[in-house]
Amino acid sequence: MALPFPAMALTCTMTFSVHITHGIGPYPPGTLLDGTAEFETLRSFRQEGGATAHLATGTMGLDGHITGRLWTLITTSRTVAADLVGLYALDVEGLSFVGQDFRGPMAITLYGDPGSWPHERPPITQEEWDSLTLRRSFQLHAPDSSDMLGGDITRLLADCED
């Protein structure tokens, strides 16, 4: 059993852009969407496989009207697989297409080369967020089907304070 350890009191405000590659309805491939995320970490605990979960409170939004409750960040640092930092939102509202409600999860996942993110904590500085360059993806799922809206993060600006 993983025991919780104190989280850093990290507060972040982010803006990002998504170039849609897996489109649906009003968002065909090639569409560029703007998004936001605001969160504060509450507590952290280690998970299997080198991951650390950072429970958080906040919101993530896309295109000005799609919003969800941001509830966790995951950081993973390994020696043989890609490192990652992921932000995850649930209870998403604002996108429905052909009878499917896209309620989430809604996720931003930033991947880095193995060893590029050697910390258990989330990134703080813009330079740290920018260091995860292997792949930068966005996904919003319809939980009752395999449908999703997905794309590449083309810009991410973070203003974080510890």
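Reader: Is cysteine 160 buried or exposed, and how do I read that from a number?

Author: Keep in mind that this is a predicted model. The idea is that a residue counts as buried under 20% relative accessible area. Cysteine 160 comes in at 12% relative accessibility, so cysteine 160 counts as buried.

Reader: And what about cysteine 12, buried or exposed?

Author: Cysteine 12 is buried too, with a relative accessible area of 1%.

Reader: Which parts does the pair tie together?

Author: Cysteine 12 sits in strand S2 (residues 11-22) and cysteine 160 in strand S11 (residues 148-161), so the link joins parts 148 residues apart in sequence.

Reader: What handedness does the disulfide have?

Author: You read that off the torsion about the S-S bond. For cysteine 12 and cysteine 160 that torsion is about 115°, so the disulfide is right-handed.

Reader: Back to S2: in which sense does S2 pair with S3?

Author: Antiparallel, over nine bridges, with S3 spanning residues 32-46. For a landmark, serine 17 stands opposite aspartate 34 in S3.

Reader: How many bridges are there between S3 and S4?

Author: There are 11, again in the antiparallel sense, and S4 covers residues 51-62. Glutamate 38 faces threonine 59 in S4.

Reader: Which residue takes a positive phi in that hairpin?

Author: Glycine 49, with phi near 75°; the hairpin of S3 and S4 has four residues between the strands.

Notes: Residues are numbered from 1 along each chain as its sequence is written. This is a predicted model: local features need pLDDT of at least 70, side-chain atom pairs count only at pLDDT 80 or more; totals for chains, interfaces and linings use all residues. Side-chain values use heavy atoms; hydrogens and water are left out. A disulfide is a pair of cysteine sulfur atoms within 2.5 Å. Helices (H or I, at least four residues) and strands (E, at least two) are DSSP runs, numbered from the N terminus. Buried means under 20% relative accessible area, exposed over 50%, partly exposed in between (1.4 Å probe, protein chains only). Two strands pair if DSSP finds at least two bridges between them.
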